[in-house]
Amino acid sequence: MGSSASRFTMTLIATIMIWQVQQGVTVPTQRGYRQACGIARGLDVVGERWSLLVVRELLLGPKRFTDLQQALPTASPNALSDRLRELVDAGVVRRRQLPPSGSVRVYELTGWGRGLEPIVLALGTWALVAPPTAEQRFVSADSAMLAIRTYCTPSSQEPATTLRIELRDHGPAGVFGVRFTPAGAETTHEPPDAPHAVLVTTTEALLAAFGNDDLADLVAAGADIIGDSEAVRRLLAAVHVPAPEDRPPNGASGQAE
């Protein structure tokens, strides 16, 4: 009898745990590295799953909860809510009501949170040495635009131009403004009123066009270019994303020895 009761109890506990995972229910755990090292203390703040991706999505400006859900489609609502609450409590992110009615709430980085930008971008560049797996195919709109901002290397003679880029596959969240100068490319969620050029395309086609000196493939992929197509060509040709390697540097297999 006791053995049967014990098996029933374990089965019940396992069933509850499976349900919690399926429903995205988070179970409070004792977290923290309990080390004075700055790296450990930083991971105590932003080391949870989704935290740095939330930061990535806020680098170009504030977003609503639904915008973050669209950009992080495999994060459950509960997990995303937990990360936002923790980041707000830590002082990395703040909530703000949008005027005039104040009925729309957005999340944005604090000054301290914005200090994570070079860290997040450096982490992304470091990871590019490893090619993506079959499951790592989704690219958020902001991630694509951050690639332009991070890897754009214009010539010193580049004339200042402004562009509007619309990524069809991301809807309203895929509309951006780019200011292209000899100093680089500034990207925001606020497109210019009178851009020199408008590019309407998909994220996949945009990424494929980086570093390409010819727009033929981009146009063949269904892109629409309005205005100065030469400005579009110069911008995309100046974006040089590091190519993945067949394996990590020094022949490392990625497995502990």
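Biologist: What does L235 touch, not counting residues up to four places away in sequence?

Modeller: In this predicted model, L235 touches I148, C152, L163, I165, V178, F180 and A185 when residues up to four places away in sequence are left out. Each of these counts as a contact because heavy atoms lie within 4.5 Å.

Biologist: Which residues have the most contacts inside the largest nonpolar core, and how many residues does that core have?

Modeller: The core has 51 residues, and those with the most contacts inside it are I148, L206, L235 and L236. Its largest share, seven residues, comes from helix α8, residues 141-151. The set is called a nonpolar core because its members are buried residues of nonpolar types joined through side-chain atoms within 4.5 Å. In soluble globular proteins, nonpolar side chains tend to be buried together.

Biologist: Why is α7 called roughly perpendicular to α8?

Modeller: The axes of helix α7 (residues 117-127) and α8 come within 12 Å and cross at roughly 95 degrees. Angles of 65 to 115 degrees count as roughly perpendicular, and therefore α7 is described as roughly perpendicular to α8.

Biologist: Which residues of α7 and α8 meet, and how many of them are nonpolar, polar or charged?

Modeller: From α7, the residues are E117, L121, G124 and T125, and they meet L146, R149, T150 and Y151 of α8. By class, this contact has three nonpolar, three polar and two charged residues. Gly counts as polar in this scheme.

Biologist: In which sense does β3 pair with β4, and in which sense with β6?

Modeller: β3 and strand β4 (residues 175-181) pair in the antiparallel sense over six bridges. Within this pairing, T161 has F180 as its bridge partner, and I165 stands opposite F176. With strand β6 (residues 197-201), β3 pairs in the parallel sense over five bridges, and L163 has A197 as its bridge partner there.

Biologist: What is the order of the strands in the open sheet, and what makes β5 and β7 its edge strands?

Modeller: The open sheet of five strands has the order β5-β4-β3-β6-β7, with mixed pairing. The strands β5 (184-188) and β7 each pair on one side only, as edge strands do. Neighbouring strands of this sheet are turned by 20 degrees against each other on average, direction ignored.

Biologist: How is β4 connected to β5, and in which sense do they pair?

Modeller: A hairpin of two residues joins β4 to β5, and the two strands pair in the antiparallel sense over five bridges. In this pairing, T181 stands opposite G184. Helix α8 packs on the sheet, where it touches β3, β4 and β5, and its direction makes about 160 degrees with that of β5. Helix α11 (residues 229-237) also packs on the sheet, touching β3, β4, β5, β6 and β7, with its direction at about 80 degrees to that of β3.

Biologist: Why is β4 called largely enclosed by the rest of the structure?

Modeller: Six of the seven residues of β4 are buried, so the strand is largely enclosed.

Biologist: What makes helix α3 mostly covered, and which of its residues are buried?

Modeller: In α3 (residues 51-58), six of the eight residues are buried, namely S51, V54, V55, R56, E57 and L58.

Biologist: How many helices and strands does the protein have, and what share of its residues is buried?

Modeller: The secondary structure comes to eleven helices and seven strands, and buried residues make up 33% of the 257 residues.

Technical notes:
Residues are numbered from 1 along each chain as its sequence is written. This is a predicted model: local features need pLDDT of at least 70, side-chain atom pairs count only at pLDDT 80 or more; totals for chains, interfaces and linings use all residues. Side-chain values use heavy atoms; hydrogens and water are left out. Buried means under 20% relative accessible area, exposed over 50%, partly exposed in between (1.4 Å probe, protein chains only). Helices (H or I, at least four residues) and strands (E, at least two) are DSSP runs, numbered from the N terminus. Axes are lines fitted to C-alpha atoms, for helices over the stretch in contact, and angles run from 0 to 180 degrees between N-to-C directions. Angles under 35 degrees count as roughly parallel, over 145 as roughly antiparallel, 65 to 115 as roughly perpendicular and the rest as oblique. Two strands pair if DSSP finds at least two bridges between them.
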